[in-house]
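Work through the exercises below with the model open beside you. Try each task before reading its solution.

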Amino acid sequence: MSRFVCSLLVVLLVFGMLAGCSPAATTQQPAEPAKPEQPQQVTLKVWDILVSPTEDEVAKQLIAEFEAAHPGVKVERETMTFDQMKSRAKLGLSAADGPDVAQINQGYSDMGALVAANLLVDLTPYAKKYGWDKKLSPGIVARNSFTPDGKTMGEGNLYGVPITAELVGVFYNKEYFEKAGVSVPKTFGEFEAALEKIKSAGIVPINYGSLDGFVHIHVFAEIQNLKIDRAYLDDFIYGRNNVSFNIPANVEAAAKMQEWVKKGYFTPDFAGIGYDDSVAAFRSGGGAMMITGSWISGDTIAQAPGKFGFFLMPPLQEGGKRMSTGGTSTAFAIRKGTANEELAAQYIDWMVSDRAAQLWAEKGVVPVGKVEVQNADPLFMDLLKAWAYLNENDLVGHYLDWATPTFYDTIVASFAELMALKITPEEFVQKVEADYAAYLKSRNQ
Amino acid sequence: MDRSSFNRSAYLYLLPALAIYGIFVLFPILQTIYYSLTDWNGLTAPTFLGLQNYLNLFQDAVFINALLNNLAFIFFYSVLAIVLGMFFAVLLTSAPLRGMTFYRAGLFFPQVMASVVIGMVWRWIYHPQYGALNQVLRAVGLGAWARPWLGDFDWALTAVGIVGTWAQYGFCMVLFLAGIQNISSALYDAARIDGAGMFQQFWYITLPGLRNQLLVALISTLIAAIRIFDLVFVTTRGGPGYATLVAGMYLYRNAFVINRVGYAAAIAVLLTILILIISYFILRLQRTQEEESFA
């Protein structure tokens, strides 16, 4: 029996060692003695996804200034990637000691789910108090709004505030435009004429690489936006009024893409080229234009200052209004139940302040709010101008893949077939509509 | 020493390992099985569905297509990798070779690389414009064969499959090398005296002698083919269309991208069952063969 006791001891010892090890391994801060002399000290916990070096720099600067302006406040910031936030936000925000402020992805699967679980603070009163509603166009406010049950996006209360903007449009290589004798087109007709002219000058008109799928969505949406109005797109994205994807405008946009494939306007063999490779190729002269988002601008300016410009896809008629796919960063939200709600709102206001906008602009990132900038790279000036136009006229269009949870997979797979000329534009639209109709049906049940 | 107390203390020593195994393996498995019977988005409370997820899976054309792609990957991961591994193993042992260690290490090399690295490297090799493959084809006048391999509906699966073969054959080769070195050289001597040629020696001595290694290689490569995720994720993400979509990739998208955790759990359970069934039959094959050889 003594042997039994002996082994029991060994086992307990081993467990004890494991138990002894684990806190030391996981604790990140050294244990500090409590400071009773400073009872006013407040810690604001912030989770954001500002991980890239430029973003991180701006965030650190803003936080240092925030702390200086709010004595006794300490911001405890944890930064992570988009994907990490996606997987951690739900658990984090449901914990009693979770973050006070977190940067949440819009859409049903993230913000919607959190609203449904009653984990986010309604920011509508704060938006009025701090004037956020004046900085954001109605379309942007709608995107960050949900009904309190989390079931309907685009109406109800505001649950998040974005800080920076992104917009999709046409980047162009100034040298190639000059060589082909083309200037920035004012109508879609001129745009297509430019494609032909560039092609006959021996230059690839549209630099393209679709191995990673999503690029099709941007090109399609830019053409589609010329022929649809805000009411249709809003209804489609927010699942209202039983609209369909199977409309003539979408068939025509899909047909236009096939036409451009047949005419050889895209980079040859684009189906086998990844997105990052394709952006790198564009920067080093792989084509005259690239239809993509403003996120490539920072590095493009750094690598080839002055060489590139940007314009929004021109409307059918000169001066006409049309939406353009765009959006904002994911949104800063406040955890329901935090003891520091007021302070958290002040923090969000700090992140969308004019000072913040200025800092973003200096780094070549388009801020949500208005900002005056001089002496920036012409590409960045183009982007600022385009964003101000879209935001002021409420013309910021949606990313189509927000329509349903499975929409991205469906539309990307269908695009691959469309662009390989394996299906007709009509079949393409029917395939995508099948996904959309199934979603509407399941939602209305 | 009292025998019963010896037994008891033996179990006691197993306890820590059992606890860890229980917490990190058994419990999650049971949890997965439970979630597979529910509709759960990963956040709000799961609703119990019974077997509905499984019934939906069998009607889900995308899932069926993904499973069929897994079957195709079995050809590249198992069949082709084993044939290639066997070929190199025989080649390396058939005659004393200068720099044998170098060749062995070189041929084994792909196996030790992280699959993400392998995927990235092959993405470059397959790049339509500057990729090595198309460059070589154009250089030797076969430019008409050059294509966007990973983006081509007809070729993407084969292209990814070949990467899989490349990553797997090294393991089979090392297994067979070890096996061949265990076969008594007297058998080969006797066969040669009887006038057996290279092929006959392989067929009648090497192959039967490698039976156990073959079964091990078969089980582990089959499991790898059914679980395949990393290579597809890095190279094509299942595209173009659903041409290279595999069950593991579909599981990932359901669980972590579109929040259908219950449905994803059902895929996980089905894959596990599939792997268990295949392993069971291969192991039974091994046992019956052993019984035959002892009889």
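**Exercise 1. Domains of chain A**

Find how many residues of domain 1 of chain A are in contact with domain 2 of chain A.

Solution. Start with the contact rule: two residues are in contact if their C-beta atoms, placed from the backbone, lie within 7 Å. Ten residues of domain 1 of chain A touch eight residues of domain 2 of chain A. Next, sort the domain 1 side: four nonpolar, six polar and no charged residues. Here Ala, Val, Leu, Ile, Met, Phe, Trp, Tyr, Cys and Pro count as nonpolar, Asp, Glu, Lys and Arg as charged, and the others, Gly among them, as polar. Now place the domains. Domain 1 covers 42–159 + 330–367, and domain 2 covers 167–326 + 399–444. These bounds come from an automatic or database domain assignment. The C-alpha centres of the two domains lie 30 Å apart.

Keep the ground rules in mind: this is a predicted model, where local features need pLDDT of at least 70, side-chain atom pairs count only at pLDDT 80 or more, and totals for chains, interfaces and linings use all residues. Residues are numbered from 1 along each chain as its sequence is written, while chains are lettered from A and ligands numbered from 1 in the order in which they are written.

**Exercise 2. The interface of the two chains**

Determine which helix of chain B gives the most to the side that touches chain A.

Solution. Count the contact: 32 residues of chain B meet 33 residues of chain A. Helix H1 (3–35) and helix H12 (247–257) of chain B each supply at least two residues of the chain B side. H1(B) gives the most, with seven residues. Helices (H or I, at least four residues) and strands (E, at least two) are DSSP runs, numbered from the N terminus. By type, the chain B side holds 15 nonpolar, eleven polar and six charged residues.

**Exercise 3. A sheet in chain A**

Identify the edge strands of the five-stranded sheet in chain A.

Solution. Write the order: E2-E1-E3-E11-E6, an open sheet with mixed pairing. Two strands pair if DSSP finds at least two bridges between them. Strand E2 (73–79) and strand E6 (161–162) pair on one side only, and are the edges. E6(A) runs antiparallel to strand E11 (residues 331–334) of chain A, over two bridges. One bridge partner pair is A:Val161 and A:Phe332.
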